[in-house]
Amino acid sequence: VVSFLFFLIILAFVFTSKPVRIICTDRMREIESTEKAIFEVILKNPFKKTQTYEIEAQPTTPSSKWEITVDPTTTEIEGKASKTLQVIVTPTDSAETKEWTQVTVSVKKTGKKKKESIDLVTMMKEGKKLLQLQNVSHWPITFNPGEKIVTSFSLSNDGTIAARNVKIFFYLNGKQKNKVEVTLPAGNFADIQIPWIAEKGKNQVRIRVKE
């Protein structure tokens, strides 16, 4: 009877023991669109012998709005020792303000199926756009009637979220002559050139930006 109970205890230990312990003290990060969420994840080998582990991280819901990397994807940990890995979640230009993603980090011993997992959550802060029109110039600088003029300028987005489908209207003497449309990720700028034909008399140029 004693030996049978001892066998059951060992069997229960085998089926309930974890192949690895995963520790992450901060499982939720809130970031700007220009930032990365970097999670420090500790793996602890509960066994006395050295073990090799395989690590993967996948979003709970597949999405092209986030890039996920794990470093390293495989690691060897000595008995009763620990190692730290990084899980990095980066929003792409298509990620919108206030969006979030949940990433499941799974770890298993090499050659085994049993996994241990934890979930990490990344949220986008409520950002803003900040568009600035700069460096407006004309060439040639003297406007002769019937001559082609090129107006050059730059439009920057110094905000924290992407400015999508921004419309730029070009007016000559109060009449719209051209329109262009651009998308500017946060922290980026676009160099724009608009050609037009000079008229007799005054040539008053106006550029209007509309989000």
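Buried means under 20% relative accessible area, exposed means over 50%, and partly exposed lies in between (1.4 Å probe, protein chains only). The model is predicted: local features need pLDDT of at least 70, side-chain atom pairs count only at pLDDT 80 or more, and totals for chains, interfaces and linings use all residues. Residues are numbered from 1 along each chain as its sequence is written, and side-chain values use heavy atoms, with hydrogens and water left out.

**View 1. Strand 11 pairs with strand 10 and with strand 14.** Strands (E, at least two residues) are DSSP runs, numbered from the N terminus. Two strands pair if DSSP finds at least two bridges between them. Strand 11 spans residues 148–157. Eight of its 10 residues are buried, so by the cut-off of under 20% the strand is mostly covered. Strand 10 (residues 131–139) joins strand 11 through seven bridges, in the antiparallel sense. Here Leu133 has Leu155 of strand 11 as its bridge partner. Strand 14 (residues 189–197) also runs antiparallel to strand 11, with nine bridges. Ser152 is bridged to Gln193 of strand 14.

**View 2. Phe143 and Trp196 form an edge-to-face pair.** Rings of Phe, Tyr and Trp (its six-membered ring) pair if their centres lie within 6.5 Å; planes under 30 degrees apart count as stacked, over 60 as edge-to-face and the rest as tilted. The structure holds two aromatic pairs. In the pair shown, the ring centres of Phe143 and Trp196 are 5.1 Å apart, and the planes meet at 75 degrees, so the pair is edge-to-face. Phe143 lies in the loop between strand 10 and strand 11, and Trp196 lies in strand 14, 53 residues apart. Phe143 is partly exposed, with a relative accessible area of 26%. Trp196 is buried, at 4%.

**View 3. Phe170 and Trp196 form a tilted pair.** Which residue is buried at 4%? Trp196. Its ring centre is 6.0 Å from that of Phe170, and the planes are at 40 degrees, so the pair is tilted. This pair also links distant parts of the chain: Phe170 is in strand 12 (residues 163–172) and Trp196 in strand 14, 26 residues apart. Phe170 is buried, with a relative accessible area of 1%. Phe143, Phe170 and Trp196 make up one aromatic cluster.

**View 4. Charged ends sit over the rings of Phe39 and Phe47.** A charge sits over a ring if NZ of Lys or CZ of Arg is within 6 Å of the ring centre and within 35 degrees of the ring normal. For Arg29 over Phe39, the distance to the ring centre is 5.3 Å. For Lys109 over Phe47, that distance is 4.5 Å.

Methods: Helix = DSSP H or I, 4+ residues; strand = E, 2+ residues; numbered from the N terminus.
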